[in-house]
Amino acid sequence: MLAWRLGVLKNEGRATPAQISMAKRNNVEMALKTARESRQILGAMGITGDFPMMRHMMNLESVITYEGTHDIHLLITGMDITGIAAFS
Ligand SMILES: Cc1cc2nc3c(=O)[nH]c(=O)nc-3n(C[C@H](O)[C@H](O)[C@H](O)COP(=O)(O)OP(=O)(O)OC[C@H]3O[C@@H](n4cnc5c(N)ncnc54)[C@H](O)[C@@H]3O)c2cc1C
């Protein structure tokens with residue numbers, strides 16, 4: 001829903017950097033959660049090289065850091081909501 005709403009706002013030229021921060025952070029978290037759940041569904045086979053879930057998880061761990069880290073996007077979202085910056 002967040003990604004869809006951001007897409008609509010972007011098409012209308014109304015998306016803000018803070019909204020993009022929130023969406024990037026959430027999308028990566030959801031993708032990582034999905035990859036972890038998929039790994040768990042496969043049981044022990046999920047950690048073998050026969051299935052690609054661990055590769056997806058490792059890729060997503062990288063995405064947590066690049067293009068703005070998980071923590072920094074949270075600080076940006078917090079600043080957008082409260083008007084108070086917890087960083088300088
Ligand atoms: C696969 C990959 C590809 C990349 N590609 C590029 C690229 O193409 N171009 C480019 O310029 N950079 C790239 N980077 C670099 C990436 O943008 C940085 O690694 C990222 O911005 C974090 O900076 P840092 O590694 O110096 O971590 P730091 O700034 O040292 O942060 C370390 C940790 O502390 C947290 N942290 C930092 N400050 C605060 C704070 N005030 N409050 C709370 N937590 C805080 C961070 O969230 C992070 O978890 C890439 C990184 C990776 C992993």
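Helix axes are lines fitted to C-alpha atoms over the stretch in contact, and the angles between them run from 0 to 180 degrees between N-to-C directions. In this predicted model, the axes of helix α1 (residues 2-11) and α2 come within 10 Å of each other and cross at roughly 150°. Because angles over 145 degrees count as roughly antiparallel, α1 is roughly antiparallel to α2.

**Contact of α1 with α2**

- The crossing in which α1 passes α2 is left-handed.
- On the α1 side the contact is made by L2, A3, L6 and L9, which meet Q19, I20, A23, N26 and N27 of α2.
- Six of the residues in this contact of α1 with α2 are nonpolar and three are polar, while no charged residue takes part.

**Contact of α2 with α3**

- The axes of α2 and α3 come within 9 Å and cross at roughly 160°, and these two helices are therefore roughly antiparallel to each other.
- As α2 passes α3, the crossing is left-handed.
- From α2, the residues V28, A31, L32, A35, R36, S38 and R39 take part, and they meet M53, M54, H56, M57, L60, V63 and I64 of α3.
- By class, the contact of α2 with α3 is made up of 10 nonpolar, two polar and two charged residues.

**Contact of α2 with α4**

- Helix α2 (residues 17-41) packs against α4 at an angle of about 140°, with the two axes 9 Å apart, and α2 and α4 are therefore oblique to each other.
- The crossing of α2 past α4 is left-handed.
- In α2 the residues A18, S21, M22, K24 and R25 form one side of this contact, and in α4 they meet H70, H73, L74, I76, T77 and D80.
- The residues of the contact of α2 with α4 comprise four nonpolar, four polar and three charged.

- Helix α3 has 13 residues and spans 19 Å from its first C-alpha to its last, which is close to the 18 Å expected at 1.5 Å a residue.
- Just after α3, the residue E67 takes a positive phi of about 60°.
- Helix α4 likewise has 13 residues, and its reach of 18 Å from first C-alpha to last is close to the expected 18 Å.
- Just after α4, the residue G83 takes a positive phi of about 80°.

**Surroundings of the ligand**

- The residues around the ligand are S62, T65, Y66, T69, D71, I72, L75 and F87.
- The elements that give two or more residues to this shell are α3 (53-65) and α4 (70-82), and α4 gives the most, with three residues.
- By class, the shell around the ligand holds four nonpolar residues, three polar ones and one charged.

Notes: Residues numbered from 1 in each chain as written. Predicted model: local features only at pLDDT ≥ 70, side-chain atom pairs only at ≥ 80, totals over all residues. Near = placed C-beta within 6 Å. Helix = DSSP H or I, 4+ residues; strand = E, 2+ residues; numbered from the N terminus. Nonpolar A, V, L, I, M, F, W, Y, C, P; charged D, E, K, R; others polar. Expected span 1.5 Å × (residues − 1). Parallel < 35°, antiparallel > 145°, perpendicular 65-115°, else oblique. Left-handed = near helix turned anticlockwise from the far one by under 90°. Contact = placed C-beta atoms within 7 Å.
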